[in-house]
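Good morning, colleagues. I would like to take a few minutes to speak about pockets and the ligand in one structure.

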Amino acid sequence: MDERLPPAVSADLTTGALLEYWRARVTQHLSDSYAGLKLSKFPEDLRVYEHLLWLQAPDTVIEIGTQFGASALWFRDRLRTLQAYGRIERDPLVVSVDVDQSAARAGLREADPRYEEQIVLVEGDVLSPDTAAAVGERVAGRERRFVIEDSAHVYATTRAALDAFAALVPVGGFMVVEDGCVDVEELRISEDWPRGVLPALDDWLASAPGHDFQVRRDLELYGVSCHPRGFLQRVAA
Ligand SMILES: C[S@@+](CC[C@H](N)C(=O)[O-])C[C@H]1O[C@@H](n2cnc3c(N)ncnc32)[C@H](O)[C@@H]1O
């Protein structure tokens, strides 16, 4: 346990009143926003991100799954805060990938007309090696990278993101695989939800590159999280 973090609390969300609470929170988070753009993340998960960003002090965030651009903007703003406090020296950079960047371009232009100075939108499919190559070019020479997988939440995309992007995480750094909740039967609130995040994660962890990472369940600090088993730390080169 890291003494710089608050002690974790746990909660069984899968039954009774807490399950009802979970369902209400999932519904609520689909209507949440940041800087006027829709942002579907739990405040508890955003708070964990703040802790991890402070601890790792990355200057580069790579995100798979941009959607409306709200999370890219949120990460850019957190990196700016790290810079303001002297935790990082380089100018922040967020590189965010999506198959369709039209909504993000429009939203980000409205929220911050100068967003392109520090946010690069890569249009591409995480399943394609070209996408990883395009991201690799953008982050070349930048070592302090933090990676988030938040795309389709099915087996193929989760595995592809881990295969292509975990290698960019430095030792001690973090990769977050979002929304493993889709594979916890009791936590599914709709038949339409995808499946496959946790099976892909387990298979990847069993592969050679996965051996360099540790699943940090202790970082599910607040008992409520969309990302069970999703906070990964690189512990070996
Ligand atoms: C859950 S949303 C991302 C939400 C965003 N990160 C946020 O927190 O506001 C998922 C996004 O992944 C994108 N996506 C789905 N499949 C993809 C793929 N194969 N490659 C890249 N992006 C994909 C979708 O277009 C969608 O915009």
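This is a predicted model: local features need pLDDT of at least 70, side-chain atom pairs count only at pLDDT 80 or more; totals for chains, interfaces and linings use all residues.

Let me start with the largest pocket, whose lining comprises 33 residues. Nearest the centre of this pocket are Gln67, Asp150, Ser151, His153 and Asp179.

The volume of the largest pocket is about 690 Å³. What is the make-up of its lining, by nonpolar, polar and charged residues? There are 16 nonpolar residues, 10 polar ones and 7 charged ones.

Which elements of secondary structure each supply at least two residues of that lining? They are the helices α1, residues 16-29, and α3, residues 70-84, together with the strand β4, residues 93-98. Of the elements, α1 gives the most to the lining of the largest pocket, namely 3 residues.

I turn now to the ligand. The space that the ligand takes is this largest pocket. Around the ligand there are 17 residues, and the closest of them are Gly65, Asp98, Asp125, Val126 and Asp150. By class, the shell around the ligand holds 4 nonpolar, 8 polar and 5 charged residues.

In the side chain of Asp150, an N or O atom is 2.8 Å from a nitrogen atom of the ligand. Glu63 also takes part through its side chain, with a polar atom that lies 3.4 Å from a nitrogen atom of the ligand. For Val99 it is the backbone that contributes: a polar backbone atom is 3.5 Å from a nitrogen atom of the ligand. How much of the area that the ligand exposes when taken alone does the protein bury? The ligand alone exposes 600 Å², and the protein buries 83% of that.

Finally, a word on the second largest pocket. This pocket holds about 290 Å³ of space. It is lined by 15 residues, and Ala11, Leu13, Arg217, Glu220 and Gly223 are the closest to its centre. The lining of the second largest pocket divides into 7 nonpolar, 4 polar and 4 charged residues.

Thank you for your attention. I would be glad to take questions.

How values were computed
Residues are numbered from 1 along each chain as its sequence is written. Side-chain values use heavy atoms; hydrogens and water are left out. A residue is near a molecule or strand if one of its heavy atoms lies within 4 Å of it. A polar contact is a pair of N or O atoms within 3.5 Å; within protein, one must be able to donate a hydrogen and the other to accept it, and residues adjacent in sequence count only if both atoms are side-chain atoms. Accessible areas come from the Shrake-Rupley method with a 1.4 Å probe; for residues, only the protein chains shown count as cover. On a 1 Å grid over the protein atoms alone, a cavity is a set of points where a 1.4 Å probe fits but cannot get out, and a pocket is an open set with protein on both sides within 12 Å along at least five of seven lines; lining residues have an atom within 4 Å of a point. A molecule sits in a cavity or pocket if more than half of its atoms lie within 2 Å of its grid points. Ala, Val, Leu, Ile, Met, Phe, Trp, Tyr, Cys and Pro count as nonpolar, Asp, Glu, Lys and Arg as charged, and the others, Gly among them, as polar. Grid points are joined across faces, edges and corners, and a volume is the space filled by probe spheres set on the points. Helices (H or I, at least four residues) and strands (E, at least two) are DSSP runs, numbered from the N terminus.
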